[in-house]
Amino acid sequence: MIQYLASHGPGLIHWLILSNVLFAIGIYGLLSRRNAIGILMAVELMLNSAAMNAVVFNRFLAPKSVDGEILALFVIAVAAAEAVVALAIFVALFRDRSSIDVNRMDSMKG
Amino acid sequence: MIEQAMATVLFYGFAAAAMVLALAVTISCNLLRAAVCLMGVLSIQAAFYILLAADFLAGVQVLVYVGGIVVVIAFVVTLTRSSQLLMDHPSPLRMLLAIAVAAGFAGVSIAALWMSAFHQPGMAHSTMDSTRAIGMALLDTGGSGYVLPFEVISVLLLAAMIGGIVIARKTPPPDQPFTSGGDRPGEADAALPKSQRPLRDRRAPQ
């Protein structure tokens with residue numbers, strides 16, 4: 001049993017499939033949510049799985065360098081900046097029209 | 001041997017938990033509950049980083065995501081009363097389209113991954129300290145260093161911080177000077193000297 005488990009550890013393809021599935025779940029949330037904060041959460045999920053992809057490639061394809069980890073670090077920093085600005089916009093929007101339903105934000109529709 | 005077996009068990013356990021929690025994030029009608037599930041997903045992601053021998057990244061993940069972003073998201077969910085005002089039920093057509101797009105993406109990309117051959121060097125059992133290597137690379141001014149992006153990202157964070165404050169701040173009506181008074185209409189006026197208060201609020205002279 002233990003031998004079986006030890007010899008069937010997760011390989012590159014397993015990690016990549018995992019992060020792909022998480023990304024697809026993020027896409028589902030992005031497209032099906034109506035509340036802007038729900039969309040932001042889905043975007044965070046997608047950013048996270050993409051960052052994990054970078055780390056996985058770093059670990060399996062170039063274990064000597066840390067470039068993928070640094071890329072993930074930058075992704076995390078940019079995600080933080082993006083979340084701050086997006087949430088500030090949501091607060092301002094809510095103050096302006098008492099709702100953050102993206103279906104009702106159509107004033108720039110042609 | 002036993003360590004590798006444990007890593008396998010942990011990987012599949014965490015993977016299942018991450019998928020379930022991610023689905024809960026996208027499906028849950030109550031956004032506050034979704035935020036808590038998002039916190040769970042991000043913590044599990046930190047565990048994945050540890051399994052991938054990226055210890056420093058796991059720490060950053062917990063500090064920035066779990067401790068920072070999710071808390072801010074929870075604050076904004078309550079500030080905008082999203083969990084009460086907008087119960088998020090997608091219409092069936094929209095749900096179907098979203099499922100189709102997500103499944104299509106997953107199918108195509110997993111098929112592409114399955115068919116591509118990666119050139120994997122032998123897994124160096126790296127017990128090397130990756131934190132030290134990251135620190136050296138971030139401050140390395142040489143050709144393979146990251147000192148310029150590192151500085152640029154600090155400027156970006158500063159800009160985002162200022163932008164967030166400016167956007168979320170209460171802006172006064174055009175005829176009224178800005179004060180740092182309060183959030184309600186009366187408070188902002190009260191912080192001004194008497195001669196500068198807007199006309200409609202000034203008391204009639206005795």
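**Helix packing and cysteines**

Modeller: H3(A) and H4(A) are roughly antiparallel to each other. Bear in mind that this is a predicted model.

Colleague: At what angle do the axes of H3 and H4 of chain A cross?

Modeller: They cross at roughly 175 degrees, and the axes come within 8 Å. H3 covers residues 36-61 of chain A, and H4 covers residues 67-97.

Colleague: Which residues in H3(A) and H4(A) meet?

Modeller: From H3(A), they include A:Ala36, A:Leu40, A:Val43, A:Leu47, A:Ala51 and A:Val55. From H4(A), they include A:Leu71, A:Val75, A:Ala79, A:Ala83, A:Leu87 and A:Phe90.

Colleague: And by class, how many residues of each kind does that contact have?

Modeller: The contact of H3(A) with H4(A) has 16 nonpolar, two polar and four charged residues.

Colleague: Over to chain B. How do H2 and H3 of chain B pack?

Modeller: At an angle of about 175 degrees, with their axes 8 Å apart. H2 is residues 31-51 and H3 is residues 55-79. That makes H2(B) roughly antiparallel to H3(B).

Colleague: Which residues make the contact?

Modeller: On the H2(B) side, among them are B:Leu31, B:Ala35, B:Leu38, B:Leu42 and B:Tyr49. On the H3(B) side, they include B:Leu57, B:Val62, B:Tyr65, B:Val66 and B:Ile73. By class, the contact has 18 nonpolar, four polar and one charged residues.

Colleague: What about the rest of chain B? How many helices and strands are there?

Modeller: Chain B has eight helices and zero strands. Of its 206 residues, 29% are buried. Take its contacts between residues at least 6 apart in sequence: 41% of those join residues at least 24 apart.

Colleague: Tell me about H1 of chain B. How far does it reach?

Modeller: H1(B) runs over residues 2-27, 26 residues in total. From first C-alpha to last it reaches 37 Å, close to the 38 Å expected.

Colleague: Which residues of H1(B) are buried, and what covers them?

Modeller: The buried ones are B:Ala5, B:Thr8, B:Phe11, B:Ala15, B:Ala18, B:Ala22, B:Val25 and B:Thr26. Their cover includes H1, H2 and H3 of chain A, together with H2 of chain B.

Colleague: And B:Ala24: buried or partly exposed?

Modeller: B:Ala24 is partly exposed, at 24% relative accessibility. B:Ala24 sits in H1 of chain B. Its C-alpha is 9.8 Å from that of B:Val41, 17 residues apart along the chain.

Colleague: Back to chain A. What does A:Ser32 touch, neighbours within four places aside?

Modeller: A:Ser32 is in contact with B:Thr26, B:Pro90, B:Arg94 and B:Ala98. A:Ser32 lies in H2 of chain A. With a relative accessible area of 2%, A:Ser32 counts as buried.

Colleague: Last topic. How many disulfides does the structure hold?

Modeller: Zero, over all chains. B:Cys29 is in none, and its nearest cysteine sulfur is that of B:Cys37, 12 Å away.

Key:
Residues numbered from 1 in each chain as written. Chains lettered and ligands numbered in written order. Predicted model: local features only at pLDDT ≥ 70, side-chain atom pairs only at ≥ 80, totals over all residues. Heavy atoms only, no water. Axes fitted to C-alpha atoms, helices over the stretch in contact; angles between N-to-C directions. Helix = DSSP H or I, 4+ residues; strand = E, 2+ residues; numbered from the N terminus. Parallel < 35°, antiparallel > 145°, perpendicular 65-115°, else oblique. Contact = heavy atoms within 4.5 Å. Nonpolar A, V, L, I, M, F, W, Y, C, P; charged D, E, K, R; others polar. Disulfide = S-S within 2.5 Å. Expected span 1.5 Å × (residues − 1). Buried < 20%, exposed > 50% of the residue type's maximum accessible area, 1.4 Å probe, protein only.
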